[in-house]
Amino acid sequence: MKLAHHRAALGLSLEQCAVALGLSPSSKGWLSEIENGKRDASLRLALKIERWSGGAVSATSVCAELRVANDTPSRSEAA
C-alpha cells in the first residue's frame, strides 16, 4: 500500500501524519514529496513509516537505500 493511501484511509492530513511519525507539523511538504515519489525517505524515516503503518506501507516502498539493498525495482520501474 502506498503511504498516501494509508494516510487517507486513516483520515489524516499531511500535517497530522507528520506529527504521528514524530516529525514537526511543518514537515508536511517533505512528506508530500515522499508520497508523490519526488523524494525518498531516509532509512530511519522509512522504518518509522513501516512501524507506524503496522506494515501496510513497506519501508522498501519509500526508501531508495532499501530498494538498492534488496535489489527491488524503483517506484517508476514497478509502475
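Me: With which residue does Glu15 form a salt bridge, and how far apart are the closest N and O atoms?

Reply: The general idea is that side chains of opposite charge can pair when their charged atoms come close. A salt bridge is counted here when a side-chain nitrogen of Lys or Arg lies within 4 Å of a carboxyl oxygen of Asp or Glu. In this structure Glu15 forms one with Lys28, and their closest N and O atoms are 3.9 Å apart. Glu15 lies in helix α2 (residues 14-20) and Lys28 in helix α3, so the pair ties together parts that are 13 residues apart in sequence.

Me: What kind of model is this, and how are its residues numbered?

Reply: This is a predicted model, in which local features need pLDDT of at least 70 and side-chain atom pairs count only at pLDDT 80 or more, while totals for chains, interfaces and linings use all residues. Residues are numbered from 1 along each chain as its sequence is written, and side-chain values use heavy atoms, with hydrogens and water left out.

Me: How many helices and strands does the protein chain have?

Reply: Helices (H or I, at least four residues) and strands (E, at least two) are DSSP runs, numbered from the N terminus. The protein chain has seven helices and zero strands, so that its elements, read from the N terminus on, run α-α-α-α-α-α-α.

Me: How many salt bridges are there by the rule you gave, and which residue does Arg7 meet in one of them?

Reply: The count comes to three salt bridges, and in one of them the side chains of Arg7 and Glu35 meet at 2.6 Å, N to O. Arg7 lies in helix α1 and Glu35 in helix α3, so this pair ties together parts that are 28 residues apart in sequence. Another salt bridge joins the side chains of Glu33 and Arg39, at 2.8 Å, N to O.

Me: Are Arg7 and Glu35 buried or exposed?

Reply: Buried means under 20% relative accessible area, exposed means over 50%, and partly exposed lies in between (1.4 Å probe, protein chains only). Arg7 is buried, with a relative accessible area of 14%, and Glu35 counts as buried at 16%. By contrast, Glu15 is partly exposed at 37%, and Lys28 is partly exposed at 39%. Across the protein chain, buried residues make up 28% of the 79 residues.

Me: Which residues of helix α4 are buried, and why do they line one face?

Reply: An α-helix has 3.6 residues a turn, so residues three or four places apart point the same way. In helix α4 (residues 43-52) the buried residues are Leu45, Ala46 and Ile49. Seen down the axis of α4, they fall within an arc of 105° (taken from the directions from the helix axis to the C-beta atoms), so they line one face of the helix. On the other side of α4, Arg44 and Arg51 are exposed. The buried residues of α4 pack against α1 (3-9), α3 (28-35) and α5 (59-62), while just after α4 Gly54 takes a positive phi of about 65°.

Me: Which residues is His6 in contact with, leaving aside its neighbours within four places in sequence?

Reply: Contact means heavy atoms within 4.5 Å. His6 has its place in helix α1 and counts as buried at 11% relative accessibility. With those neighbours left aside, His6 is in contact with Met1, Trp52, Ser53, Ala56 and Val57.
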